[in-house]
Every structure is written in C-alpha cells, then in structure tokens.
Amino acid sequence: MANIVIIGAQWGDEGKGKIVDLLAEKFDIVARYQGGHNAGHTVTIDGKQFILHLIPSGILHGGRLCVIGPGVVLDPKAFFEELDMLEEAGIQVRGNLYISNRAHLILPYHRAVEKAAEEARGAKKIGTTSRGIGPAYEDKTGRRGLRVVDLFDAENLRETIFELTREKNCLIQSLYGGPPLDARQIYKEYLQYGQRLKEFVVDTAFFLNDQIRQGKRVLFEGAQGTLLDVDHGTYPYVTSSNATAGAACVGSGVAPSWITGVIGIAKAYTTRVGGGPFPTEANGTIGDEIRRRGAEYGASTGRPRRCGWFDGVATSYSAVLNNLQAIVITKLDVLDEFEQILVCTGYEYRGCQLKEFPPEIKVLEAVKPMYKSVPGWQSPTAGMQDYDGLPVRAKDYLKMLSDITRTECSFISTGPDREHTIVLPDSWTARTLYQ
Ligand code: GDP
Ligand code: IMO
Ligand code: MG
C-alpha cells in the first residue's frame with residue numbers, strides 16, 4: 001500500500017505539478033481533493049509546458065486514472081477549456097478522468113460577487129485569483145451550493161439558479177453597485193454543461209475506496225500551500241479551502257488509515273502571490289533577481305510573484321502541521337549565482353524570539369526575520385541529476401533546510417523538466433516508491 005499526499009509547504013507554486021507528474025509513474029490514480037482552478041500546476045515534458053488548473057497533473061502520464069474529488073469546486077467552463085487544451089495536445093482524457101458527483105459548482109455569480117467584494121476591500125483586498133473560489137465555498141458551507149449531481153435534475157437546477165441569482169443580484173447591485181446577472185442565461189448554460197459532463201461523473205469516493213481495496217496506489221495532489229490554508233494559514237490572506245494534508249481525506253472520501261505518508265514541496269526560497277504578510281519578502285534588487293531567475297510569474301494569473309528568502313519558521317510550521325515524512329526542495333538552480341544566501345531561522349517580535357508561528361496578521365507583518373547568511377555555491381546546478389555532482393555549498397544549504405524543518409529531503413529539483421531531478425536513493429520516498 002502506498003497512498004501519498006503531496007502538499008505545498010509554503011504559499012503555493014512550490015512546484016507541486018512537476019513533482020506529481022514525476023511521481024505519477026509509481027501510482028495508478030492521481031486525485032485532486034480541494035481548491036479549484038485557482039491552482040496553476042506547471043508540468044514540463046521534453047521542453048513542452050502544460051499548465052493544469054483543475055485536472056490532476058497525472059493526466060499527462062498515459063494510463064493513469066485521474067479523479068476530481070468532492071472537495072474540489074468545479075467551474076465547468078474552466079474544465080472544458082482545459083479539456084480542449086489537453087485534447088488538442090493529443091492527451092487522452094476521456095476514459096481516464098472521473099469527476100465527483102458531489103463536487104460543488106462555481107457559477108458566474110460567484111465570480112461576480114468576488115470581483116465586487118475584492119474591489120470593496122480596497123487596500124485590504126486579498127488579491128484572489130478571481131475565479132469565484134471563495135464565494136463557491138461560502139455557498140457550500142452555507143448549505144445553498146449547487147453540486148455536479150444537481151445538473152442532472154433540470155427542474156431543481158432551474159429553481160435553485162433563479163433563487164440564488166436573485167439573492168446574489170441583490171448583493172451585487174445594492175452593496176457593490178455592480179450589474180445584475182441573467183438567471184435564465186446561467187440556467188441554459190449549466191443545463192448544457194450537465195449533458196457534456198455526464199460521461200465523467202461518478203461517485204469518486206466509492207471508486208477510490210474500491211481501487212485502494214484492490215491494492216491500487218493513489219497519489220493525492222494538493223493545491224495551494226499550507227500557509228494559504230483557511231484554518232492554519234495567514235488568515236484572512238488565505239484561500240477558502242484546507243491546503244493541509246488532512247484535506248486529502250475529507251476532500252476525497254478516503255479515510256486517514258489508508259494514507260501512507262505526506263510529502264511537502266518547498267522552493268529553495270519563498271514566493272507568495274496576492275496580499276498578506278510575508279516576513280522574508282525581499283523588496284528591491286534581491287527580490288527582483290529571484291523573480292527574474294526563477295521566472296516567478298503566476299501560472300494562473302500571470303501576476304509577478306513576491307519573492308524572498310527561505311522562511312524556516314513558516315516551512316517548519318508546515319512540516320509539523322502536515323507531519324511531513326519528506327520534503328522536496330525545488331528550484332535550487334535559481335540560487336546558483338547568489339554570492340550570499342539568507343535563511344530565516346526565527347522571528348523576532350518586540351525584542352523577543354517567537355516560539356510559534358503567530359496567528360495575528362499585525363504581528364506577522366511586524367516580525368523581524370532572524371537570518372543566517374551562508375555563502376552561495378556560485379556554480380551551475382541547473383539540470384543536474386546526480387547528488388554527488390552538486391557543489392559542496394549547495395549540499396550544505398540543503399542540509400541546513402532539512403535540519404531547520406527537521407524533515408528529510410527526498411528529492412531535489414534543479415529545473416522544470418521531469419529529468420531535472422535528483423532522487424536521494426536512501427530517502428523515505430525512494431524507499432517507499434522506488435524499491
Ligand atoms: P505548483 O503550483 O506548485 O505546481 O507550481 P507552479 O507550476 O505554479 O510554479 C512552479 C514553476 O517553477 C513552474 O513554472 C515550473 O515549471 C517551475 N519549476 C519547477 N521546478 C523547478 C526547478 O527545479 N527549477 C526551475 N528553474 N524551475 C522549476
Ligand atoms: P497552486 O496550486 C499560489 C492565492 C491567491 C490569493 C489567495 C486567495 O498553483 O500552488 P483564491 O483565488 O484562492 O481565493 O485566492 O490565495 N492562491 C495561490 N497562490 N498558488 C496557488 O495555487 C494559489 N491559489 C490561490 O493569490 O492570495
Ligand atoms: Mg501554481
């Protein structure tokens with residue numbers, strides 16, 4: 001049995017897509033379980049780049065079955081755009097992808113409400129991906145959401161869409177002064193989506209449990225990152241789902257007792273998109289250099305990512321919350337040319353070192369990172385596949401990250417392509433999957 005959860009250990013965009021694609025060959029099924037098309041998971045195969053938002057990255061491996069679980073919020077329009085993109089690239093999706101009948105739907109009014117609410121927040125805006133994710137989860141927990149299965153009951157669908165559109169229009173018009181939406185148009189559009197989605201829809205929890213009982217292996221593909229988790233992250237500057245490992249069970253219907261382990265993905269530095277505290281953010285030349293060398297622009301929105309040094313406090317907090325068996329350090333190559341590299345090993349607040357990752361935004365905004373400065377290796381690691389060939393200082397740096405997070409490093413990523421990876425042979429991941 002090997003059912004493994006992959007999570008982002010920072011603020012998202014750690015390179016989860018690349019690692020999921022890499023590991024997919026060792027699994028039968030790859031499942032998404034939270035978030036929606038706010039995710040942008042990049043996979044590069046022989047130089048060709050794919051950006052997946054909703055469909056699990058495992059789809060690029062022929063023969064892998066993929067699941068969109070009930071914890072995901074699904075925008076049918078975004079789904080069909082992604083399906084078209086993959087089919088045009090010659091990827092076989094039909095027959096390899098199952099969508100949960102219980103997944104909640106994103107509707108046009110979710111996007112409209114989010115846009116209006118973000119504008120109304122002014123300087124305090126979250127900086128969301130504008131995909132309607134938050135409002136869709138609000139309707140889900142408010143017990144008024146529409147699920148995939150509801151697309152197949154035309155009468156109920158019509159009634160609910162009309163009712164909800166009326167409510168949302170009140171909000172959009174009176175509170176935010178925006179234009180109303182046409183319920184009839186939404187109903188017509190979603191009824192058609194239902195017909196087109198039908199071939200993908202099953203009870204995915206039943207399917208996954210049945211497969212696991214038969215001895216099949218499932219790789220759970222997390223979206224976003226631990227610090228964006230709605231309960232544990234830098235609230236309210238978070239996404240609206242749980243990005244920590246526990247969500248893999250809740251969002252798929254697979255019990256914790258089936259999970260073998262959790263692997264966290266972290267960059268050799270830190271990035272964040274959107275608003276919210278970011279203690280190690282490097283404004284100015286250093287931040288610009290990291291962004292340039294790491295091509296740090298959002299895979300979903302194209303926004304420049306905020307960049308800074310590795311945050312040992314935030315990533316250790318992640319390692320604890322997810323009880324990581326292993327960590328994968330990505331984008332080591334981006335640091336190749338730096339003369340000095342800083343690593344944050346603690347937060348100082350009002351002259352004292354904090355013992356915990358603080359819950360208050362004001363405190364996080366005010367903390368002073370305590371940095372350890374180490375000399376850079378200043379020689380190319382880009383594309384390396386062999387640990388022994390790494391410069392000694394790069395090895396020391398990796399060991400330091402592993403020591404700070406108290407987590408074993410399993411893989412090192414040295415470039416975007418599948419091949420640009422170092423697998424540490426004695427690591428937990430290698431022992432679990434490759435032997
Ligand atoms: P995800 O959301 O966690 O899947 O990550 P993204 O795809 O949003 O962002 C990661 C970016 O870094 C993508 O453009 C990847 O192609 C790229 N990438 C992943 N690993 C490496 C690496 O080791 N080195 C470099 N230079 N780029 C990488
Ligand atoms: P992947 O899976 C990085 C961020 C947004 C915003 C906040 C809330 O590619 O790592 P939302 O649209 O979810 O309501 O936005 O969360 N965010 C991400 N940042 N990577 C992601 O996904 C993200 N998904 C959402 O920028 O700050
Ligand atoms: Mg991303």
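## About the model

This is a predicted model, in which local features need pLDDT of at least 70 and side-chain atom pairs count only at pLDDT 80 or more, while totals for chains, interfaces and linings use all residues. Residues are numbered from 1 along each chain as its sequence is written, chains are lettered from A and ligands numbered from 1 in the order in which they are written, and side-chain values use heavy atoms, with hydrogens and water left out.

Asp13 sits in the loop between strand S1 (4–8) and helix H1 (16–23), and Gly40 in the loop between strand S2 (29–32) and strand S3 (41–45), so the pair ties together parts 27 residues apart in sequence. Helices (H or I, at least four residues) and strands (E, at least two) are DSSP runs numbered from the N terminus.

Asp13 is partly exposed, at 22% relative accessible area, whereas Gly40 is buried, at 11%. Buried means under 20%, exposed over 50%, and partly exposed in between (1.4 Å probe, protein chains only).

## Ligand 1

Around ligand 1 there are 19 residues, and the closest are Lys16, Gly17, Thr42, Asp333 and Ser413; a residue counts here if one of its heavy atoms lies within 4 Å. A nitrogen atom of ligand 1 is 2.8 Å from an N or O atom in the Asp333 side chain. Of the 580 Å² of accessible area that ligand 1 has on its own, the protein covers 92% (Shrake-Rupley method, 1.4 Å probe).

## Ligand 2

Ligand 2 is surrounded by 20 residues, with Asp13, Lys16, His41, Thr129 and Thr239 the closest. One of its oxygen atoms is 2.9 Å from an N or O atom in the side chain of Asn38. The protein buries 98% of the 550 Å² that ligand 2 exposes when taken alone.

## A buried serine

Ser316 belongs to helix H10 (residues 312–321) and counts as buried, at 18% relative accessibility. Its side chain reaches the backbone oxygen of Ile404 at 3.1 Å.

Note on methods. A polar contact is a pair of N or O atoms within 3.5 Å; within protein, one must be able to donate a hydrogen and the other to accept it, and residues adjacent in sequence count only if both atoms are side-chain atoms.
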